[in-house]
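Here are some notes for a colleague who is opening this structure for the first time. They are set out as numbered points, to be read beside the model.

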There are 2 protein chains.
Amino acid sequence: MSDAAPEFDGRGGRWVGASVPRREDPRLLTGRGRFVDDIQLPGTLHACFVRSTIAHGRITGIDLSATLAVDGVFAAYTAADLDLGDIVALLDRPPEEFATTAMPILAKEKVRFVGEPVALVVARDPYVAEDGAELAVVDYEPLGAIVSEDTALAQDAPLVHEEAPGNVLLNVSMFDTPGVDEAFADAGCVVEVVTRSGRQNALPLETRGVIASWDDHDDQLLVQMCTQVPHQVRTALARSLRVPERTVRVTVPDMGGGFGQKCVVGREEIAVAAAARRLNRPVKWIEDRREALTAGFLAREQRYRTRAAFDADGRITALDVDIVCDMGAYSCYPFTAGIEPLMASAEMPGVYQVPAYRVRARAITSNKAPTAPYRGVSRPQYVMAMERVMERAARELGIDPLEIRRRNLITQFPYTGVNAVTYDPGTYRESLDLAEATLRDEGWYEFRDKAAAEGRHIGIGFCCFSERTGYGSGAFAKRKMAVVPGFDISEIRMDTTGSVVVTSGTMNHGQSHETTLAQIVADRLGLHIDQVKLRQGDTERIAYGWGTFASRSVTIGGSAVALAATRLGELLCRIAAHLLDTQPDNVRLDGEGGVVQIDDPGRRASFEEIADVAYLRSNLLPKDVEPTLTATASFDVPGDGTFSNATHAVVVEADPGTGGITILRYACVEDCGVVIHPQVVDGQCRGGIAQGIAGALFEEVTYADNGEPSAASFIDYLVPTATEIPDITVSHLETPCAFTENGAKGAGEGGTIGAPAAVLNAINDALRHTGVELDTTPVHPQTVLAALDAAADPERSRPA
Amino acid sequence: MSDAAPEFDGRGGRWVGASVPRREDPRLLTGRGRFVDDIQLPGTLHACFVRSTIAHGRITGIDLSATLAVDGVFAAYTAADLDLGDIVALLDRPPEEFATTAMPILAKEKVRFVGEPVALVVARDPYVAEDGAELAVVDYEPLGAIVSEDTALAQDAPLVHEEAPGNVLLNVSMFDTPGVDEAFADAGCVVEVVTRSGRQNALPLETRGVIASWDDHDDQLLVQMCTQVPHQVRTALARSLRVPERTVRVTVPDMGGGFGQKCVVGREEIAVAAAARRLNRPVKWIEDRREALTAGFLAREQRYRTRAAFDADGRITALDVDIVCDMGAYSCYPFTAGIEPLMASAEMPGVYQVPAYRVRARAITSNKAPTAPYRGVSRPQYVMAMERVMERAARELGIDPLEIRRRNLITQFPYTGVNAVTYDPGTYRESLDLAEATLRDEGWYEFRDKAAAEGRHIGIGFCCFSERTGYGSGAFAKRKMAVVPGFDISEIRMDTTGSVVVTSGTMNHGQSHETTLAQIVADRLGLHIDQVKLRQGDTERIAYGWGTFASRSVTIGGSAVALAATRLGELLCRIAAHLLDTQPDNVRLDGEGGVVQIDDPGRRASFEEIADVAYLRSNLLPKDVEPTLTATASFDVPGDGTFSNATHAVVVEADPGTGGITILRYACVEDCGVVIHPQVVDGQCRGGIAQGIAGALFEEVTYADNGEPSAASFIDYLVPTATEIPDITVSHLETPCAFTENGAKGAGEGGTIGAPAAVLNAINDALRHTGVELDTTPVHPQTVLAALDAAADPERSRPA
């Protein structure tokens, strides 16, 4: 179109790459953010859920008469009252691989975890609603509680779902490539590591919430809520309510985080929406922290039994893995209970060249709160498994742990692995080199060894990983999902004043989309960033969108906005050429809010002049151009997607007296392709690492044998604060992605992925002289103490 | 695409042509409509305007201190305080033809009519605001008031605008074709008629209103208001506030009428929006009836001096017309003060074959409330002029008044007139024949003559006219408008449940768009009408729209929705062919919500199945199809547009004792092309005729010599009620329009156009034996009595 295109290709230019002030900050920092609970609608009623007090049982009776007698209670509903369709997530897999189970909106017949919603109470204020809920009488016939892999898979275990024999929701052996057994037979060294990660809560600062109301004028249920996936919620809501999808509108105001917990469809929001429709009054529900901790979607509880064969030089020759993910009581929509084991199966080899691969993965169901994808989605777990294998083999073979990694890292790209995944170029080796150099230059190795001599337990740990980001529909279809996320859409409209509104199907919940997507568009069109406004979070504003998860927003959403901007630029040039009476190939965007004639740069049409014609003097448009300045584009990541990568390096000190672990140094070297906004990427890395450290050292939801959750408040659920999180340095390598429109690869999850393994490796390094070897997270002080005791005296270990 | 297309072409089928129950009725008839004043926002403040008490004068001082001292008054603003850009409407004409004048948002320096807003008071409730406004002290230095054509055009007349010398805003001689003078010289008969129509108020049931608020999250001024043209208001608002247009969102809830009064941009709404932005609080203003009657946009006050030459056979040989339109104090945006004289000049010959044509038209400015296009827009006036000319010539030449019309009517189509306008086919002759036959068959001619013998004054009057509807940008550009309305846009989205949402840039304010546009779409796609939902009235929902005026909604907006539906149908077929593994030309819409394979009708894909792929399994789409089921289209009427036509026939009785006129029979034969919804078109005709009768017999805004308006309440402004409006029969002829997508021509204004002339002709026929000849509307009882007196004794006539 013009020779100025390189100036406006979104891979540099004026805005991309600069840490411009965040567009959302003036609002958020001056208290003008609008979150769900800030929305006040006249006549609003408030909802509270009656929740199961037992982990597993049949409902034999629900008596809401005392509830309904409370002054100010407007209504109370059971599943039978609301008659809603269940949430059902499907895979296109045979029954022996995947058991299709249903999640009712309110419990029907059975309850499957403590906290499961059984009835809904609607009252004039939240306090009355809670009073009413407390008076509900629900009778149960208890069934045995499934609280672990062992109880779930036991011969005579009670079934959480009758549709899931043996309590197995998914059982897939995705790979069994030739040569696995031969490799083990011929191995110079075989290691077997069982790694486990504890159950976590993604714990967004803002809990879930919804205010639903019926809009008479638009003939729509307006559902204002806190979700990462407004269109998916709309689709699921319409199906559950059995109404045309157009009669549901989901809008999302500001959000205080999600981390995946809000990328699946919750049942409470649907129940509240149904109540609002029935009562024809706005109904609000704001999840309280206790609900969030016990009945919100959880994550992470996985076990990997990883056997690896190495040759004598430390090169992996085969991998044989058995994975069990405890998905809790229900399969989440739309991802299903298969999401974690399938992703782990597909991507486990990670950054390493693995010639032969066998994997079996199972998702089990249990009487715990159900799970959702949480930042990283099984990658923190399989990376931890691989990295522990590397460490173990290094020790067995007497090779430096970084050296053994270098011998196995993928260094030639594109690389198609044993897992039939093609990895695009990255800096697997370079990031490791830089991370190591950073610690060496700073003298941490000397410090460690010197401290050891003084009896201190200092350890250095690394983690190398890559992360598929911005999954396209092809990648999801490979998992045989019946609902296949992938594309995203953007629409750009320029108004008569030359400003543009960009609508995206992604859904910011802390990622700074208002800034980063605007940077991309501003550079494409040659606008000032203040002339670009992003809109999201309204299912009416754009036909569909898959929302924000899987580090997809800048890769997919950002590519869609870039494409739409390019198309708008072409449209501007076509009209300008007509107005300037020249050919379209003789004009180009001038980067100053206009189009200039190439062979006579004195001739120019400003965007305002072009817009004046496009809107207000359409008779002057070229005959084949329709009025208005609007462009739309969709983008789907082709093939296997793009891989970000990083190396994390950690220095810890373990206190053998208290069992406490202190992180002394955390260095992250990451490559997410083109960095749109360095400060934002740094923030993503640091936030992710903080959550990874939380998983490595602090947070855990455990359950008693009867299924009672342990962590119903912050007294028991140990969230690290700024005190526990070290300063973190982030270094960027930039390998532009060849097939995203902006060269970016996605940076939302990486921090979380690398931290658990790096911290765990550092702890093991710190304890290297004690005989202790830890493969389970979180590593609590009592874990360390118990392990030290056991190592010192295997017969008389303290209880952990 | 498919051989089923004729079934779904919007010109018949299941829904088009049927009087299906109106989709908007359940809401409106059960009190669930939502009008501007129904909108409640927390923290809303209320506005009241300080208005000029004199017609013309300089402002020498404004003292708002007493206003601001009132408890509950939050703010009071003058023009200087708000510093807003003026509303300026432009024509691309030289200064000698058009004087560009400005309408400030609040009066600056001068006031130009009684009721002009001078200051804005914002208070906690409307009563306090009014109290505060009453305490404002505005000092004026009075200037002479211009209240008539004579005072405006007098030699030493004070100037309403310094930019408009001689108080002339527009002075255009659009046609002076060869042969005019020769035709008059050779004429068998020359008639000269001076027709005048009184100033009227369009008088929508719902007055204007606005609630403006700042939306922190979207960084937008949300202006919820009652307007026919939301995008035009947005454009003007952004310019006046000097902000990017994207930072203004205009939405329109249900509306209680507009009739053109709300198709221009008002100043009060802009002032209120500016106040809301400054105060960062919602501000509401609901125009009260007194404001609506005195300071709302008025219409109609025009004078035509029409000379016509006829040959001896009664054929027109030339027309020479001088038109003066009193546009009041300001030029309206975007149409300008030129809209009425220019339209009259361009279209005056109407349904008659006029070989030579000279016309001069002027718009004058006066110290009266400004005018806006009102249903019919100068056509009631020029049609009345032409029809009075026909009657006069018939009498002079002794030819039957219908016979003389038949000799002059255009009967061969397309017909390009002396005015360079090409008329598409219509039923000019047929409608006259049918109207006459209707009255003859019912015996009205015998009744008239028998009654005359009994001394009663029964008269029969006709009016033949056509009406250009759905002006395209070409037609507006011919008028040299600087802002050129024309196109409209539609977007259609099908959701995963096969329902569609249609967004249109038109703006229903009583026309039943929710029903009629849905009929068109349902037939195109083969959907049930309940599966089609219309959205309008939100500048965010569609890139631009010109709103609803000039009978454009079904012609232009309806064509755009039909085109968009056709495109969506093609998209559905493309995807279905891919899914059915056949070629796109081997499938067609089946009219039952699906696509069927032509050569194997057992093979079919339902819309739900197609939508499932388009949204939720996009990996299965054809490679060249982008995800989602969305189609957009724009439509602009080509060339000179399309002409609806009608003949109205009226029987009246005049009471020479009281001067009262009673309408005994009203028959309308109309042709608006394909009738989408007969009941709706009947309602449009009847409502329009009622407004035409109001103008013919009742409603008039007069001004005292000092510019004081006479009609500030319904005591003085005589609105006819059901008692005064007769039963009206409507017969339909259907000449499908060749170039609108649905064959429709537009039916919104016709009733209003035909009634004044038909009623006036009938009155003159009733008084044919008295020597009275009336050429001015409204014909009040006192008008009739004065005319009878004057005819009886020209020396001693009663004052009218």
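This is a predicted model: local features need pLDDT of at least 70, side-chain atom pairs count only at pLDDT 80 or more; totals for chains, interfaces and linings use all residues.

1. The crossing of α16(A) and α17(A) is right-handed. Helix α16 covers residues 513–525 of chain A and helix α17 covers residues 553–580 of chain A; their axes come within 9 Å and cross at roughly 35°.

2. Which residues make this contact? On the α16(A) side they are A:H513, A:T516, A:L517, A:I520, A:V521, A:R524 and A:L525. From α17(A) come A:S553, A:V554, A:G557, A:G558, A:V561, A:A562, A:A565, A:T566, A:L568 and A:G569. Sorted by class, the contact of α16(A) with α17(A) has 9 nonpolar residues, 7 polar and 1 charged.

3. The domain assignment divides chain A into three parts. Domain 1 is made of two segments, 5–33 and 487–635.

4. Domains 2 and 3 of chain A have centres 27 Å apart, taken over C-alpha atoms. Their contact draws 28 residues from domain 2 of chain A and 31 residues from domain 3 of chain A. On the side of domain 2 of chain A that touches domain 3 of chain A, at least two residues each come from β10 (189–197), β11 (200–201) and α9 (289–294) of chain A. The largest share of that side, 5 residues, is supplied by β10(A). Its residues divide into 11 nonpolar, 10 polar and 7 charged.

5. An unreviewed UniProt entry places the feature "domain: Aldehyde oxidase/xanthine dehydrogenase a/b hammerhead" at residues 30–144 of chain A. In the model, this span is 15% helix and 34% strand, and its end C-alpha atoms lie 51 Å apart.

6. The last point concerns the two chains together. How many residues of chain B are in contact with chain A? There are 48, and they meet 48 residues of chain A. Elements of chain B that each supply at least two residues of the side touching chain A are α7 (230–241), α15 (473–478), β23 (488–494), β25 (532–535), α18 (607–616) and β29 (629–635). With 3 residues, α15(B) gives the most to this side. By class, the side of chain B that touches chain A has 15 nonpolar, 15 polar and 18 charged residues.

Methods. Residues are numbered from 1 along each chain as its sequence is written. Chains are lettered from A and ligands numbered from 1 in the order in which they are written. Axes are lines fitted to C-alpha atoms, for helices over the stretch in contact, and angles run from 0 to 180 degrees between N-to-C directions. Helices (H or I, at least four residues) and strands (E, at least two) are DSSP runs, numbered from the N terminus. A crossing is left-handed if the near helix is turned anticlockwise from the far one by less than a right angle, and right-handed if clockwise. Two residues are in contact if their C-beta atoms, placed from the backbone, lie within 7 Å. Ala, Val, Leu, Ile, Met, Phe, Trp, Tyr, Cys and Pro count as nonpolar, Asp, Glu, Lys and Arg as charged, and the others, Gly among them, as polar. UniProt positions are given in the numbering used here, feature names are shortened, and annotations may be inferred rather than shown by experiment. Domain bounds come from an automatic or database domain assignment.
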